[in-house]
Amino acid sequence: MKDDAKRQGKPPVYAVDDIWPAYDCLHGMEYDVDIKVSSDLSFRFREAGHIFGSAFVEISSGGQKLVCSGDIGNDYVPILRPTEPIRDADYVVMESTYGDRVHEEPQARIKLLKQAVLDTVKRKGVLMIPAFSLERTQEILYELNDMVESGQLPHIPFFLDSPLAIKVLPIYHQFPQYYNRAARELAQSDDFFEFPGLHVTRKPAESRSISQVPPPKVIIAGSGMMHGGRIMHHLVEYLNNPRNTLLVVGFQAAGTLGREVLEGANRVHIDHEEILVKARVEAINAYSAHADQLKLLRWVVSGTSKPKKVILTHGDLSAMEVLAGHIRQGKGIDTALPSAGETIEI
C-alpha cells in the first residue's frame, strides 16, 4: 500500500504505526462458540474452508438470523477442513467470485500441476507459479511434496520465493487441530511443507540468486495476481522465453497484470518496461480457494430451511448476475445485487 501511494503521489491511508493499536483490539475465538454482544445480539464463527482459520458468521438478533459468508472455500482441498453447512438462516449475504464458473475435478488439478512440472523438465524451462501467500502456496507445496517423495516428479530445484508464505508456515505447524483428517494423519510422520529439492528464499539476495540456477526449475512466488511482490522480477526475467511456463492458479481480478496475461496479452508493462509474453500461459481453476458455482448453490440451501433472501457481494457483476439467476430460478429465493452504498432492510 505504501508503494502504491508513492507511485500515485498520494499519502497512504494509514501507516505501520496505526496497525498496532488496531491489533490490540483483536481477540481470538474458537469456532462454534456463541459470542454475546448484547441481550439481543449474538454471533458465532463457523468453518468456511477457504483459508486456514477462515470462518463465515452466523448473527442472531430480534429472532432472526443473518449469515455472512465471507469467502467460501473450494471442495476437496488439501489440509483444510470442509465448509460447514448453514444451520438455518433468514438472510444470507454471500460471495459470488466464481458464480459463473465450475472448477475442474480435484484429480484433474493434481494431474495438471504434475504435467506442468514434467513439461518444464522436458523443455528445460522455468515454471513460474504466482501464488497467494496464505493457502494457495501451502496447497501446492502439499501436493508437490507427495509427488516428489513418491517419485512421480524428478528432483529438480523448487523455490519458495514468498516472504509472507514463508512466515505463515509455522502457523500451520502450530495448529494441526484445524487440519482435515488426511493432513493430521500425514503430519504425524511427514512435514508436508518440505521435500527434496525445495529451497526457501527468505532474503532478497537469495531471491535474486535464483536466476543463476540453470533450468529446469520451479518458482512459487507472490503475489497471486501479479500486481507486486517477488514474482515481478521473475516475470521480467522469464516471461519472454517460449520454453518457460506461467501457471495461473488463482482468481485474477479485472485490472491486474494477472488478468491481462491470462486473457492473452502479447506484451505487458512491468515497472515501465515492455515485456513480450512468449512463455506458455496455463491456468488451473481448481486451485482457487473460492467455491465454484455448484458449491455456492449447494451451500446457500444447506440449512434446515431456505433463506428468505440472498444478497450477493464480492464478485464481478457478470458473475453475480449468472449466480443470481440460478438462485432465483433454481432455488426459488429472492436475490439482491446491491450497488455501492445501497441499504437493504431485513
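**Salt bridges and a helix pair**

Reader: Let's start with D32. Buried, exposed or in between?

Author: This is a predicted model, and in it D32 comes out partly exposed, at a relative accessible area of 34%.

Reader: What does its side chain meet in a salt bridge?

Author: R87, at 3.6 Å from N to O. D32 sits in the loop between helix 2 and strand 1, while R87 is in the loop between strand 4 and strand 5, so the pair links distant parts of the chain, 55 residues apart. R87 is partly exposed too, with 35%.

Reader: And K65, which residue does that bridge to?

Author: E58, with the closest N and O atoms 3.9 Å apart. Both K65 and E58 are buried.

Reader: OK, what about K309?

Author: K309 pairs with D334 at 2.7 Å between the closest N and O atoms. K309 is in strand 14 and D334 in strand 15, so the bridge ties together parts 25 residues apart in sequence. K309 counts as buried at 17% relative accessibility, whereas D334 is partly exposed at 42%.

Reader: Which residues are joined into one network by shared partners?

Author: D32, D34, R44, R46, E58, K65, E84, R87 and D88.

Reader: How many salt bridges does the count come to?

Author: 20.

Reader: Switching to helices. How do helix 10 and helix 11 pack?

Author: At about 45°, with axes 11 Å apart. That angle makes helix 10 oblique to helix 11, and the crossing is right-handed.

Reader: Which residues make the contact?

Author: Q293, L296 and L297 from helix 10, with V322, L323, H326, I327 and K331 from helix 11. By class, that's five nonpolar, two polar and one charged.

How values were computed. Residues are numbered from 1 along each chain as its sequence is written. This is a predicted model: local features need pLDDT of at least 70, side-chain atom pairs count only at pLDDT 80 or more; totals for chains, interfaces and linings use all residues. Side-chain values use heavy atoms; hydrogens and water are left out. Axes are lines fitted to C-alpha atoms, for helices over the stretch in contact, and angles run from 0 to 180 degrees between N-to-C directions. Helices (H or I, at least four residues) and strands (E, at least two) are DSSP runs, numbered from the N terminus. Angles under 35 degrees count as roughly parallel, over 145 as roughly antiparallel, 65 to 115 as roughly perpendicular and the rest as oblique. A crossing is left-handed if the near helix is turned anticlockwise from the far one by less than a right angle, and right-handed if clockwise. Contact means heavy atoms within 4.5 Å. Ala, Val, Leu, Ile, Met, Phe, Trp, Tyr, Cys and Pro count as nonpolar, Asp, Glu, Lys and Arg as charged, and the others, Gly among them, as polar. A salt bridge is a side-chain nitrogen of Lys or Arg within 4 Å of a carboxyl oxygen of Asp or Glu. Buried means under 20% relative accessible area, exposed over 50%, partly exposed in between (1.4 Å probe, protein chains only).
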